[in-house]
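Have the sequence and the 3D view open as you go.

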Amino acid sequence: MRLYENEAKRVFEREGLAVPRSFGVFDSAEDIGTAVGAGDRVMLKALVLIGGRGKAGGVRRAEGRDEAVSFAADMLGRRIRDYPVERLLVEEAVDAPGGAAYVGVTMNPADFNVTVIVSPAGGVDIEQVARETPEKVIRLELAGNEELLPEAEASRLAAFLAAGLPGGASQVGALKEVVSRVYAAFQKYDCKVAEINPLLLSASGPVAADAKIVLDDNGLFRQGGLFHLLGLTAPRHDVSEPTPSELRAREAGFRYVDLLAADHVKNPSKLYVGLVPGGAGYGIFSIDEVGNIGDRFFGGRVVPVNFMDSGGGPTEAMVAEMFALLFDNETVDLVVTSRFGGISSCDIFIRGLVGCLRGRRQAGRRVVPVVGRMVGTDLPSARDFLERARRETPDELEDLRITVGNRKIMAEVIREGIREAFARKGWV
Ligand code: GDP
Ligand code: MN
């Protein structure tokens, strides 16, 4: 569940972080005219549950009451990427002679490590900073899930921020507190994301000019105190935007989650692996396994792309759509799949997969190599079908490597598939 900016700021404020003075939350320009003084310099901020509002006209700075009223009238009722702007947060505008930083804590979805990210290049998209100027970002992973950020790490991160900010030298101590407190808040409130971007270095110290908190829905049951603080009586529906692939899977009737942000830019020195794994449990395990094998044997250059639950007896058409969705994703280089039988039939699975590959090859559409294993229900007829299919259309199935039966463990199948994919790219 994602919090609105004003809610996230109340949480951070409670944890001892400075936030801009608020004039309140308003749904009419007229009320803003009453609350804002003739000479007040304020920020008007659309309360919508998405980022990047600044670029989309959802954050504006007004010099005094008249401008505030006219900007508010313009912003209210508009849409920002399909989200209607019904309420505005009005705050005093903060000056930042000392510069703007980024401070974020999140969880690595591949290995569940708590991850702290800081950068002295605040106010812009952090993914872009990481891509274009990686030396301006520190990304620290903590495998121990510590309640509090260890002192030494907090000091190191603060020193890095201070060195990169024009006004950093005199605020190292305050920056260390900010990083520690954002981290502590992340843990205390069972967050998936706790982020300040930008953290502005004002004359009186660092101020959280923007705040983002996404709570882990699985932890909500023990966050009664937080709900009380925010005046909430029940969890809100998570209305974060589904990605195009997630929408497509929803329409086809299977569960799918993208692990990479919709605007993720592919790193050309990494191999991106899509997963059609079987049931939900195996779906999570596959993400972990592909990531671990990549870290251990391939220099950390392997990226799992998605979670999928392809169990529960999907139809042939549904199986075909699971693969088609990944083939259509230009990021995906390789698909790893496994079928454990159980409720699901290997026969239906292999017919769906072969049908998808054939159809797309004949239509000249994108496919990528598929490696995997099938074991269990209907295996003999599945094996017969696959052998016949290979005789009939060898070219269309040349990128398909399916181990039939469990003479190999999945870890081996995955490792070999990745090794072949690396070889095709000329990386080994
Ligand atoms: P986002 O685009 O949805 O992340 O919204 P932000 O709250 O981050 O606002 C967008 C941009 O407006 C920020 O990156 C800052 O450059 C600027 N901004 C927001 N609040 C303030 C403020 O109080 N003072 C100043 N100087 N700039 C601000
Ligand atoms: Mn922001």
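## The chain as a whole

Of the 428 residues in the protein chain, 51% are buried; buried means under 20% relative accessible area, exposed over 50%, and partly exposed in between, with a 1.4 Å probe and protein chains only. The C-alpha trace of the protein chain spans about 80 × 45 × 40 Å along its principal axes. You will find 13 helices and 19 strands in the protein chain, where helices (H or I, at least four residues) and strands (E, at least two) are DSSP runs numbered from the N terminus.

This is a predicted model, in which local features need pLDDT of at least 70 and side-chain atom pairs count only at pLDDT 80 or more, while totals for chains, interfaces and linings use all residues. Residues are numbered from 1 along each chain as its sequence is written, chains are lettered from A and ligands numbered from 1 in the order in which they are written, and side-chain values use heavy atoms, with hydrogens and water left out.

## The manganese site

Which residues coordinate the manganese ion (ligand 2)? They are N197, through O, and D210, through OD, at 2.2 to 2.3 Å. Donors here are N, O and S atoms within 2.8 Å of the metal (3.2 Å for Na, K and Ca); water is not among the atoms, so sites may look incomplete.

N197 sits in strand 10 (residues 191–202) and D210 in the loop between strand 11 (205–208) and strand 12 (212–215), so the pair ties together parts that are 13 residues apart in sequence. N197 is buried, at a relative accessible area of 16%.

## Salt bridges

Side chains of opposite charge can pair when their charged atoms come close. A salt bridge is counted when a side-chain nitrogen of Lys or Arg is within 4 Å of a carboxyl oxygen of Asp or Glu, and by this rule there are 31. One of them joins E91 to K9, with the closest N and O atoms 2.9 Å apart. E91 belongs to strand 6 (residues 88–92) and K9 to helix 1 (residues 5–14), so this pair ties together parts that are 82 residues apart in sequence. Both E91 and K9 are buried.

Another salt bridge links E321 with R248, where the closest N and O atoms are 2.7 Å apart. Here helix 10 (residues 316–327) holds E321 and helix 8 (residues 244–252) holds R248, so parts 73 residues apart in sequence are tied together. E321 is partly exposed at 22% relative accessibility, and R248 is partly exposed at 27%.

## Surface patches

Where does negative charge gather on the surface? Look for the patch formed by D27, E30, D31 and E86. Patches are made of residues with over 30% relative accessible area and no salt bridge, like charges being joined within 9 Å and nonpolar side chains (Val, Leu, Ile, Met, Phe, Trp, Tyr) within 5 Å. E30 is in helix 2 (residues 29–35) and is exposed, with a relative accessible area of 66%. A29 is also found in helix 2, but A29 is buried at 15%.

M107, F112 and I284 make a nonpolar surface patch of about 280 Å², with accessible areas coming from the Shrake-Rupley method and a 1.4 Å probe. To find F112, go to the loop between strand 7 (100–107) and strand 8 (114–119).

Methods: Lys, Arg positive; Asp, Glu negative; His and termini not counted. Charge placed at Lys NZ, Arg CZ, Asp CG, Glu CD.
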